[in-house]
Amino acid sequence: MLSMKNISKVFKTDLVETHALRDFNLEVKEGEFVAVTGPSGSGKTTFLNIAGLLEGFTHGDYFLDGVNISNLSDNKSATIRNEKIGFIFQGFNLIPDLNLAENVEVPLRYRGFNSAERKRRVQHALEQVGLAARMKHLPSQLSGGQQQRVAIARALAGEPRFLLADEPTGNLDSMMARQVMELLEEINRAGTTIIMVTHDAELARRAQRNIQIVDGQVCDFTMYQHGAVADKPHLVAGDKRAVEPSSVEAEEATS
Amino acid sequence: MLQIKPILSTLMRNKSGPILLLIQIILSVAIVANASFIISERIALMDRDSGTAEEEVFNFRLYSFDSSIELESQLQRDIRTIRDLPGVMDASATSMVPLSGGGWSSGYTVGNTEETAKDTESAAVYYGDEHMLNTLGVDLIEGRNFYEEEVLTGSPDLATHGIVSKAFAKASWGDEPAIGQIMYAGDFGDKPIQIIGVVDKLQGAWVNSSYLDNSVILNINLVNVFTKVLVRAEVGTLAQLKEAIPAALHKDNRNRVIEGFTLISEHRKRVYRNHELMATVLSMMVVLLLLITSLGLAGMVMFNIERRTKQIGTRRALGAKKRDIISFFLVENYIICLVGGVIGGLVAVQLGQQLMSVYSLPKLEPIYPIMTIMGLLLLTTVAVILPARKAAKISPAIATRSV
């Protein structure tokens, strides 16, 4: 589904070169729910941007759904984003001047769907998140959790192959966060691959797989399957540090 | 792709900026449409053909204060002398000069019986000899020129033959042939004047009159102490003839004042100066208004780009191509421009009617508001496209930034 091999991303200014990602390797299989964690400045957002074709990378190979992403034109990238990827942003990123239905409709318009098809998909997506009755409301008339559910509906409306969620619960209280997480799990169970960037260790543990990025590299690689911690974590491609398995288990035990 | 419905939703929920821009566009269209109409009216007035060879024909004034001068023979000698000068193509004494702003005019009576008699429109009255047509450079399209023996010397009431402009012939006799028609000059005698020729075009002296194209040339050599002389000469010889003509005429008799050498093209510039000034001022106003409107449009777009940076990034992340972002801003401003244009067009018509009643201007033609709106759409494209292209370059990665 998603394959990154030796991806590097270097930001250059006149004085400084910053390596946001270096020799970054990751394979995500179809239907997986992967949580990406890491400290601030570790490269999580850069990884998310590259994975979502929001920005390019300096070196390496990236295949998404079998398509080589290197050197894609801007238009082609936009098409792939529109057709294959659903985005959920920390700040919801709803357009304040459009009502819920119009917000959910935005990517569908870029897809070129006719009015009837757009209407059907908007209705279905808002029903999935339980907000079909409020489709004429403006985002400002909703709570944070409801706004994020609208953003999820917008991401789902195009029936993408995978969802990229950037701190989807970062601006929500714990109850709202739990609701949103449950929704994401339900979407994943329905077959959509999800990659979620989060600071929240508890949320990360609910994902099937948990990777940690430190200094632009994948540091830890732990499988959570059927509630069990997998084998001893191991380094991936040039890693310098590993997280002790005991600390992961300890965190899980407290959750 | 067009997204008119969501763009309308956006506009309806953020009314202040668009309404201010709308008012600016309404006023611009109303003023620009009327100003353009007045400019084009003025230009059309200035472009009217006098029918003469304006760059070749000039006139001068000849004052003979010496009472011992026998005016008739002196004038004949003078005209012959001028015709013989190098560069001169022809010359003739005249009562008036086209486009000069001063001269003679009269109405006539036409009709064969008292019952059918009617007054004509006014016409400029030129007195001249058989050289007059060639001197003016007008085209004779029907009939003939005066014969030399037909030309009479003396006062206006002696006239027996006339050559008229096509416009005067049409106004006086409609579709009937003008050649052979008889007319009477009420103010200048009751002798019948027979029409023997029609010239295609000959304007009078007063560019603001309603009968500028009505002209009559009568077969009279007007003899007076003050005489106007028309000379047709090769282009570019005026400066040389300004010296040569007085020198030649003074050789015959020094007791004359000769002055006022002016090409008809120079008369044209002078008499149309106010029209030209009006057209220039209004043109500057139109340019200024369009510039202000385009700055308003560009400013509004730039403000919106600043305000919507994150939104643009989000749209790009959700699959908008660069052209979608550009078309978003174009369509948004086309909508404002069209709504403002249509209202402005209606205001323009209303304003035109007021100007028509107060200043006796012609009725505003609908093409002017329509062309103004189309011009404004073009202006909108130019004003919006550059900032919109800048907006299209906003990275979709903006969507994931927290600020």
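Analyst: A strand here is a DSSP run of E with at least two residues, numbered from the N terminus. In this predicted model, strand β15 of chain B covers residues 256–263, and Arg256(B) lies in it. The relative accessible area of Arg256(B) is 5%, and the cut-off for buried is under 20%, so Arg256(B) counts as buried. Its side chain reaches the backbone oxygen of Asn253(B) at 2.9 Å. With neighbours within four places in sequence set aside, the contacts of Arg256(B) include Leu62(B), Tyr63(B), Ser64(B) and Ile69(B). Gln74(B), Asp78(B), Leu249(B) and His250(B) are also in contact with Arg256(B).

Asn75(A) sits in helix α2 of chain A, residues 74–84. Asn75(A) has a relative accessible area of 32% and is partly exposed. Leaving aside neighbours within four places in sequence, Asn75(A) is in contact with Lys321(B) and Arg323(B).

Helix α4 (residues 115–128) and helix α5 (residues 144–157) of chain A pack with their axes 8 Å apart, at an angle of about 135 degrees. The two helices, α4(A) and α5(A), are therefore oblique to each other. The crossing of α4(A) past α5(A) is right-handed. On the α4(A) side the contact is made by Arg121(A), Ala125(A), Leu126(A) and Gln128(A), and on the α5(A) side by Ala153(A), Leu156(A) and Ala157(A). By class, this contact has five nonpolar residues, one polar and one charged.

How values were computed. Residues are numbered from 1 along each chain as its sequence is written. Chains are lettered from A and ligands numbered from 1 in the order in which they are written. This is a predicted model: local features need pLDDT of at least 70, side-chain atom pairs count only at pLDDT 80 or more; totals for chains, interfaces and linings use all residues. Side-chain values use heavy atoms; hydrogens and water are left out. Axes are lines fitted to C-alpha atoms, for helices over the stretch in contact, and angles run from 0 to 180 degrees between N-to-C directions. Helices (H or I, at least four residues) and strands (E, at least two) are DSSP runs, numbered from the N terminus. Angles under 35 degrees count as roughly parallel, over 145 as roughly antiparallel, 65 to 115 as roughly perpendicular and the rest as oblique. A crossing is left-handed if the near helix is turned anticlockwise from the far one by less than a right angle, and right-handed if clockwise. Contact means heavy atoms within 4.5 Å. Ala, Val, Leu, Ile, Met, Phe, Trp, Tyr, Cys and Pro count as nonpolar, Asp, Glu, Lys and Arg as charged, and the others, Gly among them, as polar. Buried means under 20% relative accessible area, exposed over 50%, partly exposed in between (1.4 Å probe, protein chains only). A polar contact is a pair of N or O atoms within 3.5 Å; within protein, one must be able to donate a hydrogen and the other to accept it, and residues adjacent in sequence count only if both atoms are side-chain atoms.
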